[in-house]
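Here's a quick tour of a few spots worth a look. Have the viewer open and follow along.

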Amino acid sequence: MLAAVAAVFAALLFSAPAVHATTTTPAPSPSGSTSATAEGQDPDGPTNGSEYSDRISGVLRNAGVPLEGVKITATGNGYEGETLTAANGSWSIGVPEQGAFEVELDESTLPDGVALAENQQNPRTVTFAGTSNITTLFLLGEGIVLQQDSFLSTLTERAVAGLSFGMLLALSAVGLSLIFGTTGLTNFSHGEMVTLGAVLAFGFSALGLSAWLALPLAVLGGAAFGYLQDGVLWKPLRRRGTGLVPMMIVSIGLAVAVRYTVLFFFGGAMQQLPGAQSPTLEFGPISIPRNTLISLFVSLAVILIIAVLLLRTRIGKATRAVADNPSLAAASGIDVDRVIRLVWVTGGALAAMGGILWAYYRPGVSFNMGQQILLLIFAGVTLGGLGTVFGALVGSVIVGLFVEISTIWLDADLKYVGALVIMILVLLVRPQGILGRRERIG
Amino acid sequence: MDFANIFLGALNEIISPTTAAYALAALGLAVHFGYTGLLNFGQAGFMAVGAYGFAVPILSFNAPLPVAVLIALGASAVFAVILGIPTLRLRADYLAIVTIAAAEIIRYIVTTNSMTAVTGSANGLSAFTGDFYALNPIPPGSYNLGPFAMNERDVWVRIVAWALVIVACLLVWMLIRSPWGRVVKGIREDENAVRALGKNVYAYKMQALILGGLLGSIAGIVFTLPRDAVQPANYGTELTFYLYTALLLGGMSTVLGPVIGAMLFWVLLSLTQGLLYGAIEAGYITFIDTSQAGQVRYILVGVTLMLLMIFRPQGILGNKKELAFA
């Protein structure tokens, strides 16, 4: 059995660094370049607000060539910030609070022969919508019209992105579902396990470790957190015979405590993992960010490994037996506590990995990132059927696809709403979920 | 460090309108969870429905105050029915997930840019309580209530808020003593037994969900009054969890528990903030700054919630036999 556990970890260790293949490309992040300019700035002069976590940003390119030194200002809510575009054309202005800001590009600072394209509003108003970063692009060049992608290629792009997002949700959802299946606990602190993975990855790489080391360590950290949680909290509670509803509320308390502990040490700002800016790969009319594609393959590989472990190994069989009926499993000689401990460890590692991939997908690491996808993870698990591992996988992929594809018609700030509505509607007609069994719903 | 001021500030929280709003919302949760056993994790959604249901009619079509309040209450009753239909026949954790999801749906919808004209998106709405303060019979001036000085608006909003709390407590107390209350408590203890007695469990659960939700939306209205503003960021899932902490502090199957719990919650928050800030300013604590001190308080809230649930689930006033779970 230990060999199997070791195999899981070996697999996790081996697969995680693949995400990081991108670190070798020197892609200066916009936040990095602005903080560099902020240091040399006259404190009384115009600010680019690098100390704020809410940011307006974009990239300025003319026919693919980045433009440096173009002045962009953001005004609104009694605040004014300005910045110059960096060598890679990126710019970012921090603002003290979310709200509507007027962004203006100073056309006199554009190089000769370059002008804003037609129909490009300047100045324009941008409004924050829940996220701490908004992007606005100024298109340049004469007569450029907004590129009209064909519907099919947009759909394909969204579908690939959705698949990638769904698979990273599935990583966390499988852990949640295993925990639910074996202990009956609906774990509301799972989102914090997701956050912890990304935050640890950021912490380790901030210590100077290479991404190849930092990411596997973060996944190990997630596994250790799972082990610790079960050892210190959940096992003693199971021993006391605490009911499921009190345990659920305990998990909420844990979620709040961990979230604010992370905020305490990590701060409220959005940070980037190494290699967060990845080049976009072009396949004919379809363009997909490389990280999205790598993330898709990593999560696919990990889930396949988990599936093989569950279906083919003794410990996998034991896990499924405990999920089916703990007392019967115990009676037939399975060490239930050990299986549950292993499930927590695996769940923690998977959640941490999901968190790292989520940090690349959005992109960004923040203290509340796990909380933001917790409900989508729940939606995936509920859609597939609470407590079924493959249901969690199917449900998460459906949620991921739905979230991304719905952005073709829905406003981007409403994309999570669609998935949650679908979850509620499915509960109406098929409460046990897609792969769930009737008897589980009580 | 000015201990007197810190303690006075904390005491001031006992009668603040925000505490009253928490008390009302937690009382709604007591009806849901403490008495009926419904695990509603979307009380923040009910509060948001109340707040927006109140503010939007006033700002959008100049609705008079009573109409706005009725719209807010009606909207939250509709919200409760929509939530109840798919979930009340299912196990407790399904209701928990659906209610928390529904509360987030509400928050996303009022935050979306496409609704800015109606809901003000992320900035929210403001300046809609003119009618409410126009009803204020108290002449302008400064009033001293014990050591606390406040103006006529403060006094008026406190009187209204706490009058609502008292009325709501009386109402819930009478309802729970009535045959209706006995059926509802029976559902909490054993749903099937109540069904065997010929009661329509589904209908009773729905009524409890609506009643608690109405209390939640009244709380949402009260919450907006002193601020004269409603912002979507205030209605995240954390609000619900704080309400649960307040409810569990006081005792979830009691009428006065939520009120005392809300008071304690705010007094303790204010006290820890005052003491931590004071200690930092006086240089006793050097390793954290004031914004981190604010976060320490919420770490304590989470830990309190865990410890309460593990070691004293019945809260201060509660009776261990009267728990929604055995």
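Predicted model: local features only at pLDDT ≥ 70, side-chain atom pairs only at ≥ 80, totals over all residues.

Let's start with two helices of chain A, H3 (residues 151-183) and H10 (residues 336-361). Their axes come within 8 Å and cross at roughly 160°. Since angles over 145 degrees count as roughly antiparallel, that makes H3(A) roughly antiparallel to H10(A). The crossing of H3(A) past H10(A) is left-handed.

| Class in the H3(A)–H10(A) contact | Residues |
|---|---|
| Nonpolar | 17 residues |
| Polar | eight residues |
| Charged | no residues |

Next up is the sheet. In chain A, four strands line up as S5-S4-S7-S8 in an open sheet with antiparallel pairing. Strands S5 (79-84) and S8 (124-127) of chain A sit at the edges, each pairing on one side only. On average, neighbouring strands here are turned by 25° against each other, ignoring direction. Zoom in on S7 (residues 100-105) of chain A: this strand pairs with S8(A) in the antiparallel sense over four bridges. For one of the residue pairs, look at Val103(A), whose bridge partner in S8(A) is Arg124(A).

Now hop over to chain B, where Leu39(B) lies in the loop between helix H2 (17-35) and helix H3 (43-61). Is Leu39(B) buried or exposed? It's buried, because 25 other C-beta atoms lie within 10 Å and 20 or more is enough to count as buried. Leaving out residues up to four places away in sequence, Leu39(B) touches Val245(A) as well as Phe33(B), Ala92(B), Leu95(B) and Ala96(B). Leu39(B) and Arg91(B) are 52 residues apart in sequence, yet their C-alpha atoms are 9.6 Å apart in space.

Note on methods: Residues numbered from 1 in each chain as written. Chains lettered and ligands numbered in written order. Axes fitted to C-alpha atoms, helices over the stretch in contact; angles between N-to-C directions. Parallel < 35°, antiparallel > 145°, perpendicular 65-115°, else oblique. Left-handed = near helix turned anticlockwise from the far one by under 90°. Nonpolar A, V, L, I, M, F, W, Y, C, P; charged D, E, K, R; others polar. Pairing = 2+ DSSP bridges. Buried ≥ 20, exposed ≤ 12 C-beta atoms within 10 Å, placed from the backbone. Contact = placed C-beta atoms within 7 Å.
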